[in-house]
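Dear colleague,

Please find the structure below, handed over for your records. My notes on a pocket and on the nonpolar cores follow it.

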Amino acid sequence: MSYPLSNASQNVLLVRTDELFTQLASHTLKEIGCNPVSLYHLEQVFTQVQLLQPVMLIFDHALTGKEGSTLVQQLRNKGYYFPILMLIDQETLAARIACLESGADDYLVKPVYPPNFLQVLRIYLDPPEISDEQLHFGELSLDLSSRKLVRHGETVDLTMKEFELLKYLMSHPKEILTRDQILENVWGYDFRGESNVIEVYIRYLRLKIEKQGQKRIIHTIRGVGYVLKE
């Protein structure tokens with residue numbers, strides 16, 4: 001039996017998903033109080049995002065290809081931080097890289113089964129347990145409950161993966177973290193040097209927390225990894 005999520009009655013966009021997944025997703029989303037909205041043309045996405053203010057977007061990489069990945073990047077660049085999931089046909093290295101480098105938060109391998117889908121929905125749509133725990137480093141304050149970052153008194157919105165990456169860096173201040181350590185602890189994958197997904201997300205974080213002449217705090221250690229230091 002499914003129980004409503006705290007984000008009940010919220011819109012979830014299904015972009016160019018196949019009929020089988022659309023039926024499964026629609027049924028599961030309605031059971032937990034969400035409203036599935038199917039979009040068949042990529043050109044509709046920005047208009048519907050502005051109109052419906054979705055809490056999640058799911059798209060099929062096989063049916064959207066590079067255009068879908070580009071769309072995700074454009075959404076992130078325009079400041080939309082809701083979770084984005086990518087459907088892939090096979091869990092290949094290339095598919096995983098395409099998903100994460102586009103700015104999507106996670107992927108689902110088809111065929112998708114209801115229990116697994118519901119579990120993913122709860123991870124991304126249920127708010128975290130209430131906690132007063134925070135991480136601090138210099139002018140950074142990261143609230144682990146709300147997943148909000150504050151710097152110089154200004155709140156900075158983060159995507160799920162940006163939050164996880166910054167949380168890992170702030171949990172190991174002034175410690176040089178290798179690419180392998182970051183991949184394993186933030187993404188749980190070993191890309192064996194074949195992806196620049198870390199560089200992509202480090203760039204996202206820098207754009208948000210090192211803007212307007214603010215000093216660099218995420219430093220690149222060439223050939224090794226990254227370190228958080230002032």
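The second largest pocket is lined by D106, Y107, L108, V109, P111, V112, Y113, N116, Q119, V120, I123 and Y124. A pocket here is an open set of points on a 1 Å grid over the protein atoms alone, where a 1.4 Å probe fits, with protein on both sides within 12 Å along at least five of seven lines; lining residues have an atom within 4 Å of a point. β5 (106-109) and α5 (114-125) are the elements that each give two or more residues to this lining, and α5 provides the largest share, five residues. Helices (H or I, at least four residues) and strands (E, at least two) are DSSP runs, numbered from the N terminus.

This is a predicted model, in which local features need pLDDT of at least 70 and side-chain atom pairs count only at pLDDT 80 or more, while totals for chains, interfaces and linings use all residues. Residues are numbered from 1 along each chain as its sequence is written, and side-chain values use heavy atoms, with hydrogens and water left out.

The largest nonpolar core has 53 residues, and L57, L75, L142, L165, I182, W187 and I218 have the most contacts inside it. Such a core is a set of buried (under 20% relative accessible area, 1.4 Å probe, protein chains only) Ala, Val, Leu, Ile, Met, Phe, Trp, Tyr and Cys residues joined through side-chain atoms within 4.5 Å. Helix α8 (residues 197-209) supplies the largest share of this core, eight residues. A second, separate core of 22 residues includes F21, V55, V112 and L118.

Key:
Buried < 20%, exposed > 50% of the residue type's maximum accessible area, 1.4 Å probe, protein only.
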